[in-house]
Every structure is written in C-alpha cells, then in structure tokens.
Amino acid sequence: MTAYSIWVMEYAHVLEQPTSLFLYGAHNQGHRKMPYGYVVLKGRGQVAMIDVGYNHQAYGEVLAASYGVRNWQPPQVVLAECGVSPPDVSSIFITHAHFDHMGNIEQFPHATFYIQERELSKWVWSMSLERRFRWLMLGIDPADIMKAVDLARQGRLVCVDGDRTDVLPGIDLHAAFDTHTWGSQYVRVRNDLSPNSQNSWVFSGDLVYSHENLRGTDPGDPQYVPVGLATGSQFSLIMTSEEMTKRAGGDYTHVIPVHEERLRDLFPYRITKAGLRITELALADGEKSRVR
C-alpha cells in the first residue's frame, strides 16, 4: 500500500549559487544550480504541502533579486502540473521561515499551517534586535512573520512544540532546534502508514541542501558535512543529519532536499513548459503519473 503521491515541484532557481552555501567550508569550489521548490503530498482525500515558496512582489522580489533567483512561477502554474490548485491544499508544514519557504502564505486560503513555536517566536525576537545584529535576519522577510501571526488570528496556525506524530495519517513532524534556523523542523512521511515503516521519506527543508551534506564528496569514505548557512550550529546540523538518515531507514536517497538539482538523477522527472522540474517520488494507489 502507498498512501500518498509525492512530488517535488521546482518553482524558481538560481543558476550559479556558490558551492560554499551548499557545503560548509567549500570555498573556491565554483558554483552550481540551486532549485527553489516545495513538496506536494496527495492521498487519502487530502492535499498537503511542505513549504509554500515565496511571492515575487514587494520585499520578496527584492530578496530574490539579491540572490539571483530566476524563472519564478506562481503556485497556480506550478501545482497545475500535478493536477491540484492552491485552494485544494488543506495542510501545510513549514520547515522554517526563510522567505523562499514561507513567503507565499496568502496564496493558500483554505490551509492550516504547522510551524514550530520556537521558529516563530525567535524570529519575532530577532526582529526586535538592534541593527548591528542584522546578519541574523538573512533570508527573512518580516512581512512573512507577520502573516504567520495573522494565521493564528484566523484560526489557521498550529504552533508545534517539538515532535508530533500522525499530524495526518503517516505524517510526522520532527523538531531540529538551533540548526539551520532557530526552530527548523523536518517532515517524515511513512507512506505505508506503519509505525515501523519500511517505506519512509524524510523532507529536510534546509537542514540539507545536497546529498553531499549526508555523504561528503568522497564516495569511498562517507561523512556528514553541514550546510553553509546556519543560525544554530554545525554540530546540531550533523546530529540531525544522522537522525534524519535513520528515520529514512538508513537510505540517504530517501532524505529529500528540495534544493538538490541532482534529484533528477535518482527519480523520474520531466521539465514543464515553464522550464521547471517536477520530480515524482511516489504514487498513491490509483494515482496516475505526472511525469511519464
């Protein structure tokens, strides 16, 4: 049994991202493409997402331009490639609050959002600091934080404190505090719905940018190498990498970083008319392929 269809949807990209962002300490090692994406989960009569991307206007557009983001497409266009639309989405799991992951809340009017309470409260605290602390605000659009707070007013925000199992059947949230951000979380999908799943996927958010974070660059001597951007610590990132790999059944290819261009080497995919990639990880029973 396979409970959920799973697609990784590219919605924009940076064509030349320094490798030092992907891998801590990888200075003077060139550049590589960095896709921007989110994940769609469809099954059991529901549509859920992991992150929502950003909206290419106001300060979101300013941030995107500063990072060299190209070919942004709105969720209406991107999600149509897997047969859904933003109003269909009922649950959204926010891995962390950086603009490219939590910057498009307003496009999902019927969804309930799940975020770690620590992630939200610490960004509010960071916003209150004096200007000399502004490095801590890299990648953050303060308007996104305020929109998340407004979700609480609307009754559409769930602040999670630590791990939570079966948020939806077979879908678990796991806290990763003081790693990439103050209150990051990753999402495990037990796609056979079993507590001792043999068919698990782990969606890492930005705890992992590339599979090299989980394997290093020497295939004969694997090691964990943290990402190049962390509000928390490299130690916490490395220990979380071990935890995620174990929760994926020891298979690092089932730990999915949306910023990894080389997912195309592991899983079926196609390039859309907009020039963006849709990668198909799993198909629920009865679901048709969106890439073949």
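**Cavities, core and salt bridges**

Tutor: A cavity here is a set of points on a 1 Å grid over the protein atoms alone where a 1.4 Å probe fits but cannot get out. This is a predicted model, where local features need pLDDT of at least 70 and side-chain atom pairs count only at pLDDT 80 or more, while totals for chains, interfaces and linings use all residues. Residues are numbered from 1 along each chain as its sequence is written, and side-chain values use heavy atoms, with hydrogens and water left out.

Student: How much space lies in the largest cavity?

Tutor: About 60 Å³, where a volume is the space filled by probe spheres set on the grid points, joined across faces, edges and corners.

Student: And which residues line the largest cavity?

Tutor: Lining residues have an atom within 4 Å of a point. Among them are Met9, Glu10, Val77 and Arg277. β1 (5-18), α3 (75-80) and β14 (277-282) each supply at least two residues of that lining. Those labels come from DSSP runs, numbered from the N terminus: helices are H or I with at least four residues, strands are E with at least two.

Student: New topic: how many residues are in the largest nonpolar core?

Tutor: 61, and Tyr36, Ile92, Phe108 and Phe113 have the most contacts inside it. Such a core is a set of buried Ala, Val, Leu, Ile, Met, Phe, Trp, Tyr and Cys residues joined through side-chain atoms within 4.5 Å. Buried means under 20% relative accessible area, exposed over 50%, and partly exposed in between (1.4 Å probe, protein chains only).

Student: Which strand gives the largest share of this core?

Tutor: β1, with five residues. Apart from this core lies another of 25 residues, including Val39 and Leu281.

Student: OK, how many salt bridges does a search of the whole structure find?

Tutor: 18. Each one is a side-chain nitrogen of Lys or Arg within 4 Å of a carboxyl oxygen of Asp or Glu. In one of them, Lys33 meets Glu10 at 3.4 Å, N to O. Lys33 sits in strand β2 (residues 31-43) and Glu10 in strand β1, 23 residues apart.

Student: Is Glu10 buried or exposed?

Tutor: Buried, at 5% relative accessibility, whereas Lys33 is partly exposed at 23%.

Student: What about Glu242 and Lys246, how far apart are they in helix α8?

Tutor: Four residues, so about one helical turn separates them. Their side chains meet in a salt bridge too (3.5 Å, N to O).

Notes. On a 1 Å grid over the protein atoms alone, a cavity is a set of points where a 1.4 Å probe fits but cannot get out, and a pocket is an open set with protein on both sides within 12 Å along at least five of seven lines; lining residues have an atom within 4 Å of a point.
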